[in-house]
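This report describes the fold of a single protein chain.

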Amino acid sequence: MIGVLFCGTEKKSFSWWPLLLCICVADMALGQVRYSVPEEMATGSVVGNIIQDLGLDVKRMKSGRARIFTEDGSEYIGLNAEKGTLVVAKRIDREELCKQVSPCSLHFQIILDNPMELHRIDVEITDINDNAPFFTKKEYNFQVSESASPGARYSLESAKDPDVAQNTLQTYKLNPTDNFKLNVVSRPDGTKYIEMVLHTSLDREKQEEHKLTLTAFDGGNPQKSGSVKINVVVLDANDNAPAFSQSVYRVTVPENASRGAVIVRVSATDNDKGANEEVVYSFSQHTDSASSLFNMDAKTGEMTVVGMLDYEKAKHYEIDIEATDKGGLADTSKVLIEVTDLNDNAPVISIISLSNPIPEDSAPETVIAMLNIKDLDSDKNGQVKCFISKDLPFKIKSSSTNFYSLMSDDVLDRETVPEYNITITAMDEGSPPYSTNKTINLRISDVNDHAPMFPQSFSTAFITENNAPGMALLSVKASDKDYGNNARISYFLEDSQLNGMSASAYFSVNAESGEILAVRSFDYEQTKEFHIRVKAQDGGSPPLSSNVTVKVMIQDQNDNPPQVLYPVQTGGSLVAEMVPRSADVGYLVTKVVAVDVDSGQNAWLSYKLQKATDRALFEVGLQNGEIRTIRQVTDKDAVKQRLTVIVEDNGQPSRSATVIVNVAVADSFPEVLSEFTDFTQDKEYNDNLTFYLVLALAVVSFLFITCLVVIISVKIYRWRHERVLYKSSGNLPVIPYYPPLYADVGGTGTLKQAFSYEVYGTNDSRKSDIKCSRPFSQSTLSVDHSATRTVPRHKTESEILLTEQKPPNNDWRFTQGPRPGPSGATGGPEVAMGTGPWPQPPTEAEQLQALMAAANEVSEATATLGPGTMGLSTRYSPQFTLQHVPDYRQNVYIPGSTATLTSNPQQQQATAQQAAQQALPPPQVSAQPEPPKAAQTPASKKKSTKKEKK
């Protein structure tokens with residue numbers, strides 16, 4: 001037992017009253033704490049420290065969401081969870097709260113969760129002297145017969161004081177007391193009432209009216225009081241007073257008694273005669289609280305019910321009644337009414353704590369909700385039984401009086417039942433019984449207890465080779481029985497090695513949709529299938545996953561042409577098959593051997609004869625590629641036979657390859673040698689001559705059209721410029737002609753250096769200046785990058801008018817070789833000295849001639865190619881020997897290779913020399929600038945070309 005004493009003061013009615021706060025903590029084993037506080041404490045005042053009294057801490061208060069539960073819903077006491085103290089939440093008036101009931105207590109519970117705890121708190125409200133005694137009326141009037149004998153009693157209304165104990169009404173004082181005195185009567189229940197007793201006979205003739213003052217005092221400190229005036233009128237004599245038949249009337253009334261029901265009849269007799277014997281019945285003045293529930297008939301004395309009786313509010317009533325005659329004499333009696341209880345209240349179910357939802361992995365005996373069930377009836381009518389359906393995996397357990405716990409009784413599975421509607425039934429034991437139902441919708445929260453599942457553990461996808469990167473192959477889908485993030489599935493590609501590389505180098509998986517994408521293009525000829533594993537992982541904690549194996553099959557495309565293995569095509573030597581003239585029909589000349597790396601029908605090959613010197617002599621087997629004679633070889637047949645065989649596959653679209661088979665129809669090698677001497681030159685000449693002629697013609701035509709457009713544009717520009725100058729000033733001298741733009745970016749044109757010219761002119765001096773700057777480079781002359789004129793900027797009109805030409809400086813003169821003008825033009829001696837006049841502009845004929853010369857130079861450059869192309873001088877060289885004729889006794893040809901195994905050392909030596917000549921670098925061109933040659937016409941160019949060919 002712990003006792004703590006708090007002392008404080010509170011100001012009320014402009015005075016300070018000491019207050020004593022006593023806090024008593026009850027036995028902790030019962031979970032109860034009792035405090036005592038005075039009424040009218042300021043809001044926020046501390047009632048008690050429950051952390052110390054209950055052995056709790058602030059963290060437990062916060063984690064358990066500590067809160068106050070009151071059965072009637074009142075909020076007089078609040079909980080400060082931060083400090084763990086109980087504080088006054090609002091003004092507490094003990095008289096309003098408990099009226100005359102003492103002691104006055106507040107009962108509530110403190111609820112904690114996780115785990116759930118229940119602590120009962122009782123706060124006793126002590127009374128302070130904050131109310132003075134008072135009477136309901138300002139004055140009372142009595143009529144007393146003069147014949148009233150001493151000892152006659154007259155009931156007075158008791159003063160009322162809402163306070164209790166020492167602070168309530170204690171004493172009365174009557175003033176004056178010449179004829180009357182006070183008599184205080186105590187009831188069995190401890191209450192008191194007063195009577196005014198006549199102790200001296202009245203004499204109406206001496207004093208017809210008496211004025212008295214009744215004062216009531218309480219026992220508080222300071223003492224308070226209230227008073228009322230009493231007027232006594234003395235009447236004429238009435239010797240006998242009414243008398244009740246019983247001093248106490250006892251009656252029992254059920255709480256469901258209907259209005260107007262007669263519960264008792266009282267009677268009083270008066271021995272007087274006439275009007276003095278008529279008795280009037282009424283309630284005493286101090287029983288006004290019962291007047292709202294009962295009524296007294298003034299004539300008959302019947303007491304009836306006029307209000308609603310409720311056993312739960314008041315179990316009994318004590319009513320004072322009076323019988324008064326017309327002479328003013330009266331008698332008093334009591335009526336004791338006992339209210340009997342009936343089962344008229346159904347139980348009330350209150351949920352004071354609820355955990356909703358609860359995880360599906362909650363263990364049995366997990367507390368889900370805390371309930372408070374109360375029945376206002378008494379005895380058996382107030383005894384309650386609580387239960388739920390037996391089909392549910394839950395149970396109800398009583399934790400204390402009127403408190404129950406709803407617990408789990410079995411394993412829960414959200415995937416089987418995601419929620420429960422739990423109907424709680426509370427039934428009392430009355431007759432007939434009353435019951436109340438309350439339904440709780442309990443949701444089961446998901447726990448990640450199911451891994452994603454694929455419909456099947458193995459899948460197959462097909463993709464055609466040469467696919468575009470990013471192409472979708474297949475979408476895998478997994479399902480998860482869980483909910484929310486636990487069912488949110490992400491897809492990943494498991495890292496594994498495919499052909500020595502990571503699987504992510506070949507495939508990728510969309511994490512959201514599970515779509516498998518190809519990262520690169522596949523080649524069926526390299527890899528025909530892949531085995532990858534895709535993992536589906538949910539978003540639970542910890543995450544669960546499952547795998548599926550995907551077999552990716554690469555489908556073949558016809559993307560490879562046939563490859564000819566035999567006969568081997570060599571660039572440096574000529575291979576020919578020899579057919580004797582005595583060969584019969586069907587003679588096997590040779591066999592074309594080809595392969596296709598594709599598969600299926602894409603690799604089915606067919607052989608056809610595309611071109612032949614004599615189609616009537618040979619045929620090619622469609623399936624085997626054998627070249628056979630289809631007639632008898634005659635002497636008229638040419639010795640040199642050339643066959644072009646095309647090999648096609650069966651793909652869509654089909655691909656093909658061609659092979660040239662040289663056949664020599666002869667019986668001896670000398671005959672073959674004489675016929676095949678210029679075979680190589682004819683082959684190259686026929687294949688390349690047409691291409692080079694067309695290319696040269698196209699280049700010359702393009703250059704000619706370009707130059708023609710440039711010349712016309714320059715002419716139009718000069719003509720417009722001259723007209724502008726002519727119209728602006730008719731008497732100005734003609735501006736000397738400046739050389740046109742010459743540019744030689746490649747270093748092969750007319751000029752070898754680049755110069756920049758600046759012209760200064762004025763209208764006043766009529767003279768002109770020209771300044772030539774240093775060359776920009778040794779190979780480029782670019783004065784105006786717009787390629788329109790040589791003057792770099794526009795001058796004013798005064799600068800344009802030039803009247804006198806100054807001789808240029810010596811540092812800008814050209815040598816005779818790179819002098820501006822037509823190709824090959826020469827100047828006089830003054831030009832060499834750098835003092836001659838400005839060079840004359842070329843004529844249009846000279847410009848056209850220079851243009852044609854440039855075109856011929858381009859044609860000459862295209863005719864002479866690099867080391868990879870054989871010139872005319874090498875095409876007809878008599879280098880053909882017998883080694884170019886295939887000899888099956890000496891030479892061995894390997895299919896699929898360009899190598900030839902031979903025993904002729906001369907052939908090997910000639911081949912090595914030819915390779916060495918091709919490997920030598922081309923001769924270096926001299927860096928010395930050569931004087932430009934005279935321009936050649938197309939006719940002269942053709943003659944020189946023919947000479948070079950010879």
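Which residues does S656 touch, not counting residues up to four places away in sequence? In this predicted model, S656 touches P561, P562, I646, V647 and E648. The residue belongs to strand β51, which covers residues 656-665. With a relative accessible area of 36%, S656 is partly exposed.

**The chain as a whole**

The secondary structure comprises 11 helices and 55 strands. Of the 950 residues in the chain, 37% are buried. Among contacts between residues at least 6 apart in sequence, 67% join residues that are at least 24 apart. The chain exposes about 53,700 Å², and carbon and sulfur atoms supply 53% of that area.

**Two antiparallel sheets**

Strands of a sheet pair through backbone hydrogen bonds, in either a parallel or an antiparallel manner. Between β11 and β14 (residues 192-198), the antiparallel pairing extends over 4 bridges. Within this sheet, S155 stands opposite E195 in β14.

A further open sheet is built from 4 strands in the order β26-β28-β31-β30, and here too the pairing is antiparallel. Strands β26 (348-354) and β30 (394-400) stand at the edges; each has a single partner strand, so one side of each is left without a neighbour in the sheet. The twist in this sheet averages 30° from one strand to the next. Strand β28 (residues 367-374) and strand β31 (residues 403-408) pair in the antiparallel sense over 5 bridges. N372 stands opposite F403 in β31.

In soluble globular proteins, nonpolar side chains tend to be buried together. The largest nonpolar core in this model has 28 residues, and those with the most contacts inside it are I263, F294, M303, I319, I321, V335 and I337. Two or more residues are given to this core by each of β18 (248-254), β19 (262-265), β21 (279-283), β22 (294-296), β23 (302-305), β24 (316-325) and β25 (330-340). Strand β24 provides the largest share, 4 residues.

Leaving aside residues up to four places away in sequence, F294 touches I263, F283, M303, T304, V305, V306, L309, Y317, I319 and I337. Apart from this core lies another, of 26 residues, among them F454, A503, Y524 and A536.

**A buried glutamate in a helix**

Is E95 buried or exposed? E95 is buried, because its relative accessible area of 10% falls under the 20% limit. The residue is placed in helix α3 (residues 94-98). Beyond its neighbours within four places in sequence, E95 is in contact with E39, D127, I128, D130, N131, P162 and D163.

**Cysteines and accessibility**

The model contains 1 disulfide. This disulfide joins C98 to C104, with an S to S distance of 1.7 Å. The torsion about the S-S bond of C98 and C104 is about 65°, so the disulfide is right-handed. Both C98 and C104 are buried.

C386 is buried at 15%, whereas C707 is partly exposed at 23%. The 20% limit lies between these values, and therefore the two residues are classed as they are. The table lists residues discussed above by relative accessible area.

| Residue | Relative accessible area | Class |
|---|---|---|
| E95 | 10% | buried |
| C386 | 15% | buried |
| C707 | 23% | partly exposed |
| S656 | 36% | partly exposed |

Technical notes:
Residues numbered from 1 in each chain as written. Predicted model: local features only at pLDDT ≥ 70, side-chain atom pairs only at ≥ 80, totals over all residues. Heavy atoms only, no water. Pairing = 2+ DSSP bridges. Disulfide = S-S within 2.5 Å. Buried < 20%, exposed > 50% of the residue type's maximum accessible area, 1.4 Å probe, protein only. Axes fitted to C-alpha atoms, helices over the stretch in contact; angles between N-to-C directions. Contact = heavy atoms within 4.5 Å. Areas by Shrake-Rupley, 256 points an atom, 1.4 Å probe, with all protein chains shown as cover. Core = buried A, V, L, I, M, F, W, Y, C linked by side-chain atoms within 4.5 Å.
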